[in-house]
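Trainee: I have a model open and would like to go through it. Can we start with how far to trust it?

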Amino acid sequence: MFPKVPDQHKTGKPLVPNGLGVIYVLFTTVYLFLIYFSRIAPASNGVSAPLTLAVCILFGGFMGLLDDWMDLKWRYKAFMPLIAALPLIYLAIENGLRTSISLPLIGMIEFGDAYYFLVIPLIVMIVTNTVNQLGGLNGLESLCPAIILMGLMALSPSHLILMLGPLIFWLILAGVNLQGKIFVGNSGSFAIGMNVAAFAVITDLKLPLLISIVPYVVNSSLILLTIFFAKKRASVSFDGKKLVSDHRRSLVTLITYHRPLTERQVVAIISLLVAFFTLIAVITSML
Amino acid sequence: MKERLVNGLKVFGRLRIQTSHASIICYSALLLILFIAFTIRILPIRWEIPTGDVRLNEFDPYYQFSLTNKMVQDGLFSPYLENDGRGWINYQQWYPDGLDMSRSLPALPMTAAVLYSIISWLGVNVNLMAFCSIFPVIFGTISCSIMYFVGKDMGGKAIGLFAALFLALAPSFLQRTALGFFDTEVLGIVGLLAFILMFLRAIDGNRSLRSSLIYSVGAGAALAYFIGAWGAAYFLVDLAVLFVFVLILLKRYSQRLLLSYSLTFGLALLIATNIPYISLGYLTSGAVIPVAGVFLLLCLLEVLRHNISARTKVLLTGASFAAVVGGFVALWQLGYMQDIAGKFITVLDPFIRSANPLIESVAEHRIAAWGNIYFELGLGILFFLTGLYFTLRNPTNRNVFLLLFGATSLYFAASMVRLLVIFAPAFCLLAAIGILGILKPFYTLLREAPQIAVKSKRRIARVSKEYSGIVIFLVFMLLVANFAFAPQNGGVPRVYGQAYAPITVSAASLPLGGANLAEPAQEWLDMLSWTGNNLQTTTVVCAWWDYGYWLSILGNVTTLADNATVNSTQIENIGFIFMAPEAQAMAMLEKYNAKYILVFTTLRIAASSDGSYYVVQPVGFGDEGKWSWMARISGQARDRFIQTGFISAEAAWTDEKDFGVVSNTTGAWTWNDAGKSSTVYKLLGYAKQRWAEVSGTEYNVVPDETGVAPTYFKEEYFAGVDLNPIDASAKYGGLIPVVALYEIDWEAYYAATG
């Protein structure tokens, strides 16, 4: 049913079904529609949070499918999530969400209207694209966003129900993905990225999100800076058992730089890194 | 015998319409879309049936109704030919000067009058107002069917169907073609779509010359109809001119273009200049002059096509440019060229409007906020953008037109909320193209070979049918989320929120609809019925201009102002009456021979801070929310009022800030002494006080500020004053509308002033 791609980091490069993230998109959409119909999360000020989230995830999944199909250029991928920011901006304005962000040491930064029209689109654009960029290893693109999502859910018990079902479903997919039996594809990574960003905006958890995605931002910064300045791309070598690299152009190559590690080990290290930052985010928010 | 019978039956069999299965499905889908379009638009009738009548929505449709009524009663041209050709002056409106009804575009009332006469002749007995109310529903549905053909020409039946569906559900278009919205846009959009359909067919080089001629004539007739229907015709005229000009720049000139252009515009302008109210001056207006310029350019290109010497070509080109520029300058300098119509220029430059509170006070004239546009487009903006992308990639003549239409109408819509309705057809077409552009490869995959190679960084070699099915399903879900469960509308379909609301007068001007209003609100209907039964047609009632049409047409009294806003001085004077202290207001009222004054207020009950009693306070949907415009508009004429002795320089005002301030602590408006002595404050305050006395006392409700009986205004009839809090809660979600009619006590005034 799904298109198959070779698993580059396995001996014999077996073909693995790709794009299973789309099942997550469909499941989450149905789940959020059910939440809406059951009136568990009623509309606030005329705007429905479950439907807003559903629209964002649908859009993320749709964008991922287009990427899988047409191999979208980065200039399109970078800015397409801005469209999905529209429902979030509307929700934020109608519900009068806080337009300030409290940063440790710096204090409160008041953005005013710029929060709606600048900060929210930036959050959506950055999170969606950075999540999409950190992938390529079995389990990496599914486990890390799940960790961030769990952190955000822990900080917002009132919105827990919105993501409970999708998170469980995503974790099941992540488990299978970790075993190398499926790939979630761009449809999955864009959808989950959009999901994380949209959930953080809806629950007004901007600071925890910003702290949690630090490893993602580091990864994307390394990739983009190398492309812009050195015009080189990150690539990791696979000797049949372990991954190793001779440069530091991404988070994966940074970890495997002259240090052969198995795919599982790399995924575990990055996941722990994300978990660490998510923990800091949770503690910072609770303080 | 049997054989003959069988053969005879076979003859009947041959009469069957031969059509493909695909066509049946397509036309069934179109019929379903038209049914949806009609049903949604007729929904407000649910609140009209219990009242036993079907009225018109908002305010402006009443103007069109009175014209239609005149045409039905006295003949189609009667509004233009009465009074020895000077036209019909309706003295029941804009007393004492009256409203010159001959300064009206005739297409809408004439069409309605003709159709009404036909159905009456056929024996259908229907009230004219009910007919006019249903008219936009029918023509809105017709617009959707024309949209199907426009879309079909653009890219096939599927695009036509999607475009028709989107137009049927487009919020701005829906609002302006729903039951009761008997206004110029209704026929305007029909004319616009008919013109686009026929003009693009006329310039199509693949059609025969005969067909091209027929479509050119049709396009000309449609454009003339549009010009006679809606003031926004300038937009379409200039869009078509711009389109032809761009075709010339793209080196796509053809004889067919010259022929179609000249025939279309020649016929359209010939008919248009003979339409009552539109004179020959229309041809020299700034917005129509470019038609001649482009025509000359086309003629020049035709001449240059022929085998003539380079010297002659240069001479001809120079002479043509000199003729165009010289003619333009000459017309301008000699004063023959008219300015571009006021509203049109204010659309091009919306900042002009912000300087005029009279225009800005109308919500639909304001600059569209991004929220208006998002509410209109929803996530459909994704498909709109992809539609632009696919259109740009394939710049055929039709697509060039669509791009120009989309870009210019988006600018207009961003400039003025009302013009979102012009953008709606462009959006629908582009969104349909976008959706089909995205879905086409996946749809093809579903129908054809099971596997197709695609390129990807992950080297996906094959895409299965199921995968394509999922893409199609995702797009479907996006459409569902956009149309059926729009998050920005709390999950309620956007069209439902837009259409399932009563017409304004049946909701007593309250923002209620759907399940929140079980039955029509009676307060305004009661007031209009009371004035109709108890006052003379010639009795002058002063009210803010929003209620002018209701009072004059439904209430059958004479009014000073309405939404026609033809006399800004008179509106300033009415603003003065409401904002000035009573004595000064009476001096102005005397000028107008007014016998009554009317205010409308909306109230809501809240618990007191200690919870021991309840407080009734204004909500803002009535004059308590409009008085700031009264202050601003009348404040513009401050010097005139001082010079004419109506008020002293010390007591005169500029805007609402002279009547109070917004409290820093509560955020509520706090009236100062000038505000508390204003007529509107007293009239509204006393209406609230009377409601509290009549209906509030039993429920321990007191007004937030004690109202005092005005000196020169006596309570005549207060509709809604007997609506108790329990009924208000059950019927109107706690809102209490009070329409207060005061009799002006001239005796007391003359006694006091001598």
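Mentor: Chain B averages a pLDDT of 88, and 93% of the residues score at least 70; pLDDT is the predictor's confidence in each residue, from 0 to 100. This is a predicted model, so local features need pLDDT of at least 70 and side-chain atom pairs count only at pLDDT 80 or more, while totals for chains, interfaces and linings use all residues. Residues are numbered from 1 along each chain as its sequence is written, and chains are lettered from A and ligands numbered from 1 in the order in which they are written.

Trainee: Where in chain B is the pLDDT below 50?

Mentor: Over residues 452-461 of chain B. Beyond near neighbours in sequence, that stretch has 18 contacts in the model, a contact being two residues whose C-beta atoms, placed from the backbone, lie within 7 Å.

Trainee: And the scores for the model, ipTM and pTM? What are they?

Mentor: ipTM is 0.74 and pTM is 0.83.

Trainee: Switching to helix 2 of chain B. How many residues does it have, and how far does it reach?

Mentor: Helix 2 of chain B covers residues 21-42, which is 22 residues, and reaches 31 Å from its first C-alpha to its last. Helices (H or I, at least four residues) and strands (E, at least two) are DSSP runs, numbered from the N terminus.

Trainee: Which of its residues are buried?

Mentor: In helix 2 of chain B, Leu30(B), Ile33(B), Ala37(B), Ile40(B) and Arg41(B). Buried means 20 or more other C-beta atoms within 10 Å of the residue's own, exposed means 12 or fewer, and partly exposed is in between, with C-beta atoms placed from the backbone. Seen down the axis of helix 2 of chain B, the buried residues fall within an arc of 100°, so they line one face; the arc is that of the directions from the helix axis to the C-beta atoms.

Trainee: What is exposed on the face turned away?

Mentor: His21(B), Ile24(B), Ile25(B), Ser28(B), Leu31(B) and Phe35(B).

Trainee: Now strand 11 of chain B. Why is it called largely enclosed?

Mentor: Nine of the 10 residues in strand 11 (residues 735-744) of chain B are buried, so the rest of the structure largely encloses it.

Trainee: What does strand 5 of chain B do with it?

Mentor: Strand 5 (residues 596-607) of chain B runs antiparallel to strand 11 of chain B, joined by nine bridges; two strands pair if DSSP finds at least two bridges between them. Thr602(B) stands opposite Pro737(B).

Conventions:
The expected span of a helix is 1.5 Å times one less than its number of residues.
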